[in-house]
Amino acid sequence: MIYAIYVLIGLSVLFALAGVVGMLRFPDSFCRMQSSTNISTFGVLGVILGGVLWSIFVFDTPDWAMAVKLLVMGVFYIITSPIAGHAIAKAAYKKGVRPEKEMVCDKYGEDLENAD
Amino acid sequence: MKKTKFSAFLSTAIVCYIFWLLITGQIASIFTGGASMQVLLAGAVVSVITALFSARFFIHSKAFWLFNPLRFIIWVFYCLIIFMWELTKANIDVALRAFGFKKINPGIVKIETELKSEYAQSMLANSITLTPGTITMDIAEGNGKTYYYIHWIDASTDHIDEAGDNIKGTMEKWIRRIWE
Amino acid sequence: MDVLVFFAICFVVLALCLCYRLIKGPSVVDRAITADSIDILADMALILFALHSGRSIYLDIAMVTAVLGFIGSVMVSRYLEGRL
């Protein structure tokens with residue numbers, strides 16, 4: 001059981017590494033935002049699942065309170081991260097942050113110009 | 001200011017109290033014995049006060065919609081199986097793009113949804129934002145339909161229906177089953 | 001060395017790498033996203049340390065940090081939109 005948990009947490013570290021590399025490499029703000037979603041989904045879920053299994057099976061007496069608290073934290077991350085991402089993406093576009101090179105298509109900008 | 005209905009108040013209070021039980025760890029000690037009476041009472045008082053203020057933001061239509069057990073089971077199934085599968089695919093895809101094995105071509109596309117309920121629309125938007133590679137930027141309504149503007153890291157097409165099929169996948173069908 | 005502590009150190013090193021983007025980032029939005037990610041990575045290190053030491057007080061600290069990070073990024077976005 002211990003090695004399964006180590007594999008879970010290792011996968012989580014791997015995806016967090018992918019997110020960090022993406023945030024350092026990608027050329028514009030919106031793509032960096034996509035990469036930060038990578039950190040806040042699988043980078044979190046592996047550690048949460050591994051922690052729940054660890055606090056039930058590895059401790060001498062199973063610590064149910066810790067397991068439940070970890071699950072609540074996981075649900076909290078899953079609920080709040082899209083809200084923050086959505087708010088920041090909209091604010092960035094309204095503020096005038098644009099990618100450096102041309103995007104394939106930009107329906108949002110076209111519709112905003114037509115509305116004005 | 002909208003007047004708070006009693007049913008909305010009651011369901012908000014129940015949700016707050018369940019959250020309190022989970023976060024203080026009392027729900028584990030109820031089953032093993034030795035739950036502290038003080039903590040339970042304090043949680044009741046706090047959740048009633050919170051529900052008084054926040055019920056009108058939390059409940060917009062029927063109050064006890066999610067307390068139906070069948071609907072709740074479908075919800076959990078959606079979160080654990082369908083959504084996890086989409087999440088895994090998208091995560092591996094974006095990780096490969098981050099390490100440089102695939103190219104990126106970002107773009108903002110516009111897709112259309114047929115969901116009517118407010119909760120269903122916001123749940124679909126949150127699901128789309130939570131899968132890496134797509135971020136919902138805005139929701140607009142025009143001539144009776146609802147549109148999302150989505151920043152997509154691999155904008156292979158800008159046609160409204162093909163992009164919708166690619167992004168939503170099977171998620172929209174299951175969300176309609178939950179909320180409608 | 002304990003494996004959990006090793007993974008926690010991995011997370012902290014990743015958070016330190018993100019500080020490059022935090023300092024250089026061309027716009028405010030980059031800095032806000034990066035701060036949020038650093039917050040999450042530090043939380044993961046705290047959770048692993050709570051498992052290592054077996055005390056759940058670190059979990060409470062991680063939860064408070066998560067709430068503050070969320071509120072912070074929402075506040076920054078509302079300020080950028082000019083609706084604060």
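Axes are taken here as lines fitted to C-alpha atoms, for helices over the stretch in contact, with angles running from 0 to 180 degrees between N-to-C directions. The model is a predicted one, in which local features need pLDDT of at least 70 and side-chain atom pairs count only at pLDDT 80 or more, whereas totals for chains, interfaces and linings use all residues. Residues are numbered from 1 along each chain as its sequence is written, and chains are lettered from A and ligands numbered from 1 in the order in which they are written.

Helices and strands are DSSP runs numbered from the N terminus (helices H or I, at least four residues; strands E, at least two). The axes of helix α3 (residues 64-95) of chain A and helix α3 (residues 57-81) of chain C come within 9 Å and cross at roughly 15°. That angle makes α3(A) roughly parallel to α3(C), a term that applies to angles under 35 degrees. The crossing of α3(A) with α3(C) is left-handed, meaning that the near helix is turned anticlockwise from the far one by less than a right angle. By class, the contact of these two helices has 16 nonpolar, three polar and four charged residues, where Ala, Val, Leu, Ile, Met, Phe, Trp, Tyr, Cys and Pro count as nonpolar, Asp, Glu, Lys and Arg as charged, and the others, Gly among them, as polar.

**The two interfaces of chain A**

Two residues are in contact if their C-beta atoms, placed from the backbone, lie within 7 Å. The contact between chains A and C takes 37 residues from chain A and 35 residues from chain C, and on the side of chain C the elements giving two or more residues are α1 (3-24), α2 (28-53) and α3. The contact between chains A and B takes 35 residues from chain A and 33 residues from chain B, and the elements of chain B giving two or more residues include α1 (6-23), α4 (69-99) and β1 (107-113).

**Strand pairing in chain B**

Two strands pair if DSSP finds at least two bridges between them. β3(B) pairs in the antiparallel sense with β1(B) over seven bridges, and B:E112 stands opposite B:Y147 in β3(B). β2(B) and β3(B) also pair in the antiparallel sense, over eight bridges, with B:K145 in β3(B) as the bridge partner of B:G142. The hairpin of β2(B) and β3(B) has two residues between the strands, and in this hairpin B:N143 takes a positive phi near 30°.

Technical notes
Parallel < 35°, antiparallel > 145°, perpendicular 65-115°, else oblique.
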